[in-house]
Amino acid sequence: MSDKKNLVQKLESVNEYEREAIPKSKLKSWKSFVGTYAGEHTAGTEFVLGPLFVAHGASAIDLVSGLLVGNILAVLSWAYFTGKAATKTRHTLYFQLEKIAGSRFTMIYNLVNAVAFCFLAGAMITVAATAVGIPFDLAMPALDDTLPTSFGFVLTVFVVGAITTVIAMFGFNQVVKFANIAAPWMIMIFVAAAVAVLPRMGINSISDFWPVAQETIWSGVPLEGKTKFTFWHIMFFAWFCNMAMHIGMADMSILRYAKKWTAGFATSTGVFLGHYVAWLASGILYSLFLLESDGSLVFAPGPIAYEAVGIAGAICVIIAGWTTANPTLYRAGLAIQSINPNWKTWKVTLFVGLITTIAACFPALMMQLLDFVALYGLVLMPLGAVIFIDIFLLPKMGMRSNFAELTNRNFNPAVGITWLITLIFCLGLNLFGGVEIFFLGLPGWFVAVIVYVASSKIIQKNTSAPDLSSTSSKREVPVS
């Protein structure tokens with residue numbers, strides 16, 4: 001009984017500063033973020049996304065060059081957008097958006113955000129479960145599967161989900177510790193696995209690699225039913241696969257702990273190890289799996305890694321799934337908790353973990369991961385533009401930031417108009433212009449900026465001066 005009481009007390013003592021600026025004593029150096037991002041992005045998604053480039057017929061040259069350019073742009077976005085905004089305000093995305101958009105709009109946004117985070121974390125729990133289920137000879141999902149493949153698989157998902165949720169419940173510090181322990185050896189397993197199987201593909205020297213890569217691994221020929229990916233698909237996907245996190249500003253919740261905005265460059269450990277090396281490595285493993293499986297369309301990261309390098313590969317898949325699911329669940333918990341500050345974060349995370357685990361039972365989340373992360377980022381992107389412009393541009397244009405807070409309003413029409421018009425624009429571009437989802441983020445961001453600036457100017461012009469200044473004395477002084 002005392003152990004249970006101590007556990008509850010420990011959970012109750014977790015303070016994530018959900019509605020206040022991070023105190024200086026809690027700020028962390030860039031080294032803390034190296035492990036966090038390396039763990040999160042050298043993770044379960046890599047065992048899914050790398051093979052999907054093979055399935056979509058990416059050529060070797062398009063993949064290598066597209067990933068290079070796209071990942072550089074992603075790191076720059078994290079540093080110059082998210083890093084600067086996070087270290088200026090020291091607030092979570094959710095609290096900052098509430099100041100700008102109002103509590104009513106933020107509640108809707110937080111629900112959408114939390115659902116998206118749950119689905120992403122769920123996909124990673126599914127990834128880990130495919131490895132946990134290997135000793136039990138569970139039926140594994142195929143490329144077109146959408147429903148659970150067996151009761152045993154569902155049970156395995158719940159075990160993995162429970163462990164993931166417990167780690168996330170203990171807060172950001174535990175997420176960091178877990179990532180720092182897991183990250184260093186995971187990337188070595190990725191690389192070792194890919195190198196170990198090269199002879200089985202006829203690669204016995206460095207000079208053999210590129211011809212086999214072009215002709216066999218990334219041949220440029222998509223699997224039946226899959227669309228063809230070009231350099232532009234790959235570049236924009238590498239840049240925008242984490243669009244919700246960088247220009248969408250979700251990682252303000254993480255980078256608010258950074259001493260300097262340049263900690264945003266620590267994401268390079270994740271994107272270049274995970275979204276470059278690991279995607280190439282997992283693509284090699286999947287190509288071998290296709291060659292040796294007689295046309296089987298089983299798409300389960302656990303068995304693929306196990307077939308290549310044995311138990312080490314399976315363990316790597318399990319830990320990789322956890323290191324993405326943990327911070328994602330943490331973010332989802334913050335999103336829900338911000339709806340009602342009186343809710344304890346650990347209790348919210350427990351609830352979110354249950355919903356996430358149920359979602360993880362459906363393989364469709366994992367199979368459609370490319371489209372899902374693109375859609376998820378696109379939906380949240382306009383609000384990232386709103387936050388960035390509100391912090392850095394509006395004051396320079398003679399307008400006030402944090403409009404909802406300053407006017408005691410629970411809804412800022414400028415934000416709602418921006419979100420609606422941007423998404424309608426992107427939908428129209430997709431349906432009537434034939435522009436694929438991977439390419440919509442860039443024009444959508446500029447549309448969001450234009451609409452928000454214009455609508456803010458109109459609304460603030462029609463708001464009386466006393467309303468804009470009446471609560472200015474209540475504004476917090478951010479920690480710099």
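This report describes cavities, a surface patch, a salt bridge and selected residues of one structure.

## Basis of the model

The structure is a predicted model, in which local features need pLDDT of at least 70 and side-chain atom pairs count only at pLDDT 80 or more, while totals for chains, interfaces and linings use all residues. Residues are numbered from 1 along each chain as its sequence is written, and side-chain values use heavy atoms, with hydrogens and water left out.

Helices are DSSP runs of H or I with at least four residues, and they are numbered from the N terminus.

Four cavities of 30 Å³ or more are present in the structure. A cavity is a set of points, on a 1 Å grid over the protein atoms alone, where a 1.4 Å probe fits but cannot get out; its lining residues have an atom within 4 Å of a point. Grid points are joined across faces, edges and corners, and the volume is the space filled by probe spheres set on the points. The largest cavity holds about 160 Å³ of space. Its lining consists of 15 residues, and those nearest its centre are Thr45, Leu120, Cys241, Asn242 and Val373. Helices α2 (30-41), α14 (311-337) and α17 (369-392) each contribute at least two residues to this lining. By class, the lining of the largest cavity has eight nonpolar residues, six polar and one charged. Here Ala, Val, Leu, Ile, Met, Phe, Trp, Tyr, Cys and Pro count as nonpolar, Asp, Glu, Lys and Arg as charged, and the others, Gly among them, as polar.

The second largest cavity holds about 60 Å³. Among its lining residues are Phe236, Phe237, Phe240, Cys241, Ala374, Leu378 and Gly441. Both α10 (231-240) and α17 supply at least two residues of this lining, and α10 gives the most, with three residues. The lining of the second largest cavity comprises 10 nonpolar residues, one polar residue and no charged residues. Cys241 belongs to the lining of the second largest cavity and is also among the residues nearest the centre of the largest cavity.

## Nonpolar surface patch

A nonpolar patch on the surface is formed by Leu147, Phe158, Phe351, Leu354, Ile355, Ile358 and Phe362, which together have about 640 Å² of accessible area. Patches of this kind are made of residues with over 30% relative accessible area and no salt bridge, where nonpolar side chains (Val, Leu, Ile, Met, Phe, Trp, Tyr) are joined within 5 Å. Accessible areas come from the Shrake-Rupley method with a 1.4 Å probe, and for residues only the protein chains shown count as cover.

Helix α15 (residues 345-360) provides the largest share of the patch, four residues. Ile355 lies in helix α15 and counts as partly exposed, at 38% relative accessibility. On this scale, buried means under 20% relative accessible area, exposed means over 50%, and partly exposed lies in between (1.4 Å probe, protein chains only).

## The salt bridge

One salt bridge (a side-chain nitrogen of Lys or Arg within 4 Å of a carboxyl oxygen of Asp or Glu) is found in a search of the whole structure. Glu405 pairs with Lys99, and their closest N and O atoms are 2.8 Å apart. Because Glu405 lies in helix α18 (residues 403-407) and Lys99 in helix α5 (residues 93-101), the pair ties together parts that are 306 residues apart in sequence. Glu405 is partly exposed at 22% relative accessibility, whereas Lys99 is buried at 5%.

## Residues with positive phi

Asn402 is not a glycine, yet its phi is positive, at about 55 degrees. This residue is located in the loop between α17 and α18 and is buried, with 8% relative accessibility.

Asn408 is likewise a residue other than glycine with a positive phi, near 55 degrees. Asn408 occupies the loop between α18 and α19 (413-431) and counts as exposed, at 58% relative accessibility.

## Buried residues and contacts across the sequence

Thr130, in helix α6, is buried with a relative accessible area of 0%. Its C-alpha atom is separated by 8.6 Å from that of Val157, 27 residues apart along the chain. Gly133 is placed in the loop between α6 (103-132) and α7 (151-169), and it too is buried, with a relative accessible area of 0%.

Tyr276 belongs to helix α12 (residues 267-292) and is buried at 15% relative accessibility. Tyr276 and Thr42 are 234 residues apart in sequence, and their C-alpha atoms are 9.4 Å apart in space.

How values were computed: On a 1 Å grid over the protein atoms alone, a cavity is a set of points where a 1.4 Å probe fits but cannot get out, and a pocket is an open set with protein on both sides within 12 Å along at least five of seven lines; lining residues have an atom within 4 Å of a point. Patches are made of residues with over 30% relative accessible area and no salt bridge: like charges are joined within 9 Å, nonpolar side chains (Val, Leu, Ile, Met, Phe, Trp, Tyr) within 5 Å.
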